[in-house]
Amino acid sequence: MFLSLVLGAPASAQIIPAQPAPLGPKVPVGSGVCSPEKSCADLAPGMIQSALGASPLEENLRILTDTIGGRVTGSPAAHRAANWAVEKFRAAGVDDIHVEKFMIPIGWKEGATHLEVLSPEPFVVHLVSIGWSPATPPGGVTANVVDVGAGDDAGFAKAGDATRGAIALVHTEVLTTWNDLSNEYTVHPVILGRAIKAGALAVFWMSTRPNLLLYRHNLSINGEIERLPQAILAREDAERFARLLGSGRHVRVHLDMPNHVSGPVESENVVAEVRGREKPDEFVLLGAHLDSWDLGTGALDDGCNDAMLIDAARVIHSSGTIPRRSIRFVLFTGEEQGMLGSAAYARAHRDEMDGLLAAVIFDDGNGPITGFELAGRKDVSTAVREALQPAASLGVKEFTLDGAGDTDNFDFMLQGVPTLVAIQDPANYMLNYHAASDTFDKVDIAELKRHVAIAAITGFALADRPGRIGPRQSRAEIEQLLKDTGLDQGMRDDGFWPLWQSGKRGRLP
Ligand SMILES: [Zn+2]
């Protein structure tokens with residue numbers, strides 16, 4: 001969400017394929033016995049074999065997506081997903097499996113959204129409310145639709161006074177690249193601000209996907225309610241409105257969006273651990289998010305990575321070797337509302353942050369993983385590159401200083417912890433992003449199995465390394481990092497900066 005800033009050219013990684021090595025005798029986890037001589041490089045071939053072979057991965061993901069389905073934060077489905085994760089972590093054999101509850105400020109569910117075209121002629125319009133949009137007044141609203149072009153100053157100027165009391169129709173480009181996506185999160189809140197200033201009573205966003213495909217997300221941060229009712233209109237329907245308006249016809253509609261908005265509701269993160277043998281209180285965190293949107297079943301975003309991490313836990317456990325430090329697996333909720341679960345986790349575990357060596361996050365779908373973004377932490381790049389050499393044969397070769405405030409690494413970065421976010425080929429991510437089409441059939445299971453191996457090796461390598469990859473930064477150092485990377489400006493633009501300044505998010509002064 002929100003922003004993505006390129007902070008430097010990709011660092012060139014040394015490529016040293018892992019040498020196959022025979023696995024030694026297995027040692028049961030928790031027995032207190034360990035094989036300190038077995039390095040990650042020694043273990044990697046066995047982990048790869050275990051990840052690529054027969055596993056519960058596909059069936060686990062099928063249950064999460066097909067049986068449980070879309071899992072909006074705070075919903076009964078999200079709770080069922082948490083139970084699923086607990087059960088599957090248990091089957092993976094790891095320790096200390098539990099949920100950690102937290103509150104989100106507002107619960108939300110779409111009502112029976114309906115649009116009636118009153119003029120010039122009735123026709124069916126496909127639309128959905130965006131997430132966390134307020135409801136329209138009881139009985140709905142009757143209003144003109146006004147074309148504000150791309151929603152820039154020129155577009156609103158051209159529409160002029162007609163926007164007051166009307167619904168602003170905003171044109172969009174088709175989403176195809178990661179840049180398009182970060183651009184959307186940067187630009188749309190600004191457009192919304194213009195619509196409010198112009199006196200619009202609602203906004204219609206043209207779908208960024210063709211063929212009547214609809215999707216849902218929110219623009220507000222920190223779980224807040226949106227400032228104006230907003231809906232996504234099927235691209236074809238929105239274009240039809242635009243053509244009618246362009247030819248001088250009046251478009252008048254009745255919009256009813258009776259969304260259910262509640263007070264604070266409970267949500268939960270799911271946590272599991274492989275306890276380290278030497279310094280169990282120091283740990284590497286492997287994370288993905290369990291919540292999703294609900295038009296589809298959250299397969300690419302981010303269900304595949306939940307199932308992937310659970311299977312990585314199985315692979316590490318079944319290797320029979322215990323790393324020096326602990327590996328903690330956390331499946332967050334509230335990500336889609338502004339990384340609320342990871343923020344809650346970082347806050348609740350503030351006292352443990354000195355022991356958190358790195359937070360490694362997977363949240364870019366199912367396209368091949370090519371490396372990791374290090375969010376500006378130049379000081380850790382050599383150590384990370386060396387540690388992850390055993391994963392080079394799986395394609396992990398690219399280490400960049402890029403960073404973004406768009407996924408669950410964000411609050412750990414704000415705690416001064418080094419973070420790694422998997423860099424992935426977009427593959428089929430953009431077309432299906434938050435859409436009705438984000439379903440099980442979009443996931444390439446063979447690819448996902450490779451990612452299980454990558455996650456297992458990454459977690460083990462970082463946890464088993466004799467030293468840390470880098471220090472925890474002080475608040476002053478974090479602030480300098482934000483400035484150096486330009487993330488501070490992004491945080492000012494989208495409203496995160498006051499949360500950092502007040503200590504609501506990030507390391508305390
Ligand atoms: Zn996601």
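Begin by selecting Cys40, which is buried at a relative accessible area of 7%, buried meaning under 20% relative accessible area, with exposed over 50% and partly exposed in between (1.4 Å probe, protein chains only). Next select Cys304, which is buried too, its relative accessible area being 0%. A search of the whole structure finds zero disulfides, a disulfide being a pair of cysteine sulfur atoms within 2.5 Å.

Before going further, keep in mind that this is a predicted model, in which local features need pLDDT of at least 70 and side-chain atom pairs count only at pLDDT 80 or more, while totals for chains, interfaces and linings use all residues. Residues are numbered from 1 along each chain as its sequence is written, and side-chain values use heavy atoms, with hydrogens and water left out.

Now centre the view on the zinc ion, which is coordinated by His289 through NE2 and by Asp301 and Asp363 through OD atoms, at 1.9 to 2.1 Å. Donors here are N, O and S atoms within 2.8 Å of the metal (3.2 Å for Na, K and Ca), and water is not among the atoms, so sites may look incomplete. Along the sequence, the spacing of the donor residues is H-x11-D-x61-D. His289 lies in strand β14 (residues 279-289) and Asp363 in the loop between β16 (356-361) and β17 (369-373), so the pair ties together parts that are 74 residues apart in sequence; helices (H or I, at least four residues) and strands (E, at least two) are DSSP runs, numbered from the N terminus. His289 is buried, at 0% relative accessible area, and Asp363 is buried at 6%.

If neighbours within four places in sequence are left aside, Thr458 is in contact with Val360, Phe372 and Leu388, contact meaning heavy atoms within 4.5 Å.

For the last stop, select Ile130, Glu184, His188, Trp205, Tyr215, His217, Leu219, Gln230 and Ile232, which line the largest cavity. The elements giving two or more residues to this lining are α5 (178-197) and β10 (230-233). On a 1 Å grid over the protein atoms alone, a cavity is a set of points where a 1.4 Å probe fits but cannot get out, and lining residues have an atom within 4 Å of a point.

Notes: On a 1 Å grid over the protein atoms alone, a cavity is a set of points where a 1.4 Å probe fits but cannot get out, and a pocket is an open set with protein on both sides within 12 Å along at least five of seven lines; lining residues have an atom within 4 Å of a point.
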